Amino acid sequence: GAWEETGGEVCEHFGVDTADIDIMMGTFSKSFGACGGYIASDKDTVAHLRCESHAHSYASPMSPPVARQIITSMTLIMKTEDGKRRIRQLAENTSYFRDELRKRGYIIFGDSHSPVIPMILFTLANICAFAKECLHRGLATVIVAFPATTMLGARARFCISASHTREHLDRTLAILEELDPIIGLKMSRSRPTSAFLDFWKHFFTRSGR
């Protein structure tokens, strides 16, 4: 839903017929603003997963309103000019934000086309301080740490939208630049990082501890 002209993602990009793929899997929580996901395959494979998969046996079924929201979103993305415009805008926003993060010395992961952009902060202490300081500046953040990542793979995750304006993205970048001397966000080898002890000195001084 976030890549190529009609949102066909990898299959559309490489010209692969979906009938030639044994199992397809994806999420509805980002491109479609809903929840849940899907697995598409032949009848026997799907029947096996329904019987044997813990994720299916112990999960709640998708509610009808959410299912309708997903169908409507897919229809708009794939079959309307506004949907195509949104895909192009999302691609522009993603490219701009990723390029700016890299140029400034932040370590980011993920495919270059993906609007979900993980920024590596390494430690639990860093992401807790990052979330607190961002919220203080009016920026809501998504942070992920162990056990969802490796022990030193803690990260912030930016989910770019077609609705984001250049002003939104620049404001976010300005907040990161403001926080870097405080926490030490730029972990790239191409740039020296802020001292770890300097952050803790600042943190405890502000907290009055």
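Student: What makes S3 and strand S5 (residues 154-159) a pair, and in which sense do they run?

Tutor: In this predicted model, S3 and S5 are joined over 6 bridges in the antiparallel sense. Two strands count as paired when DSSP finds at least two bridges between them, so S3 and S5 qualify with their 6 bridges. Within S5, Arg155 stands opposite Ile120, and Ala154 stands opposite Phe122.

Student: How do you know that S4 and S5 pair?

Tutor: The same cut-off of at least two bridges applies. S4 and S5 have 3 bridges, in the antiparallel sense, so they count as a pair. Ile143 stands opposite Ala156 in S5.

Student: Why are strand S3 (116-122) and strand S4 (142-144) said to stand at the edges?

Tutor: The open sheet has 3 strands in the order S3-S5-S4. S3 and S4 each have a single partner strand, so one side of each lacks a neighbour in the sheet. Neighbouring strands are turned by 30° against each other on average, direction ignored.

Student: What makes the side chains along S5 alternate?

Tutor: Ala154, Ala156 and Phe158 point to one face, and Arg155, Arg157 and Cys159 point to the other. The residues of the former group are buried, a word that stands for under 20% relative accessible area.

Student: Why are H5 and H7 called roughly parallel?

Tutor: Helix H5 (residues 81-103) and helix H7 (residues 166-183) pack at about 20°, with axes 11 Å apart. Angles under 35 degrees count as roughly parallel, and H5 and H7 are therefore given that description. The crossing of H5 past H7 is right-handed.

Student: Which residues make the contact of H5 with H7?

Tutor: H5 contributes Asn93, Tyr96, Phe97, Glu100 and Leu101, and H7 contributes Arg166, Leu169, Asp170, Thr172, Leu173 and Leu176. By class, the residues of this contact are 6 nonpolar, 2 polar and 3 charged.

Student: Why are H4 and H5 described as roughly perpendicular to each other?

Tutor: The axes of helix H4 (residues 64-79) and H5 cross at roughly 85° and come within 5 Å. The range for roughly perpendicular is 65 to 115 degrees, and H4 and H5 therefore carry that label.

Student: Which residues of H4 and H5 meet?

Tutor: Leu76, Ile77 and Lys79 in H4 meet Glu81, Gly83, Lys84 and Ile87 in H5. This contact divides into 3 nonpolar, 1 polar and 3 charged residues. Gly83 belongs to the contact, and Gly counts as polar.

How values were computed: Residues numbered from 1 in each chain as written. Predicted model: local features only at pLDDT ≥ 70, side-chain atom pairs only at ≥ 80, totals over all residues. Heavy atoms only, no water. Axes fitted to C-alpha atoms, helices over the stretch in contact; angles between N-to-C directions. Helix = DSSP H or I, 4+ residues; strand = E, 2+ residues; numbered from the N terminus. Parallel < 35°, antiparallel > 145°, perpendicular 65-115°, else oblique. Left-handed = near helix turned anticlockwise from the far one by under 90°. Contact = heavy atoms within 4.5 Å. Buried < 20%, exposed > 50% of the residue type's maximum accessible area, 1.4 Å probe, protein only.
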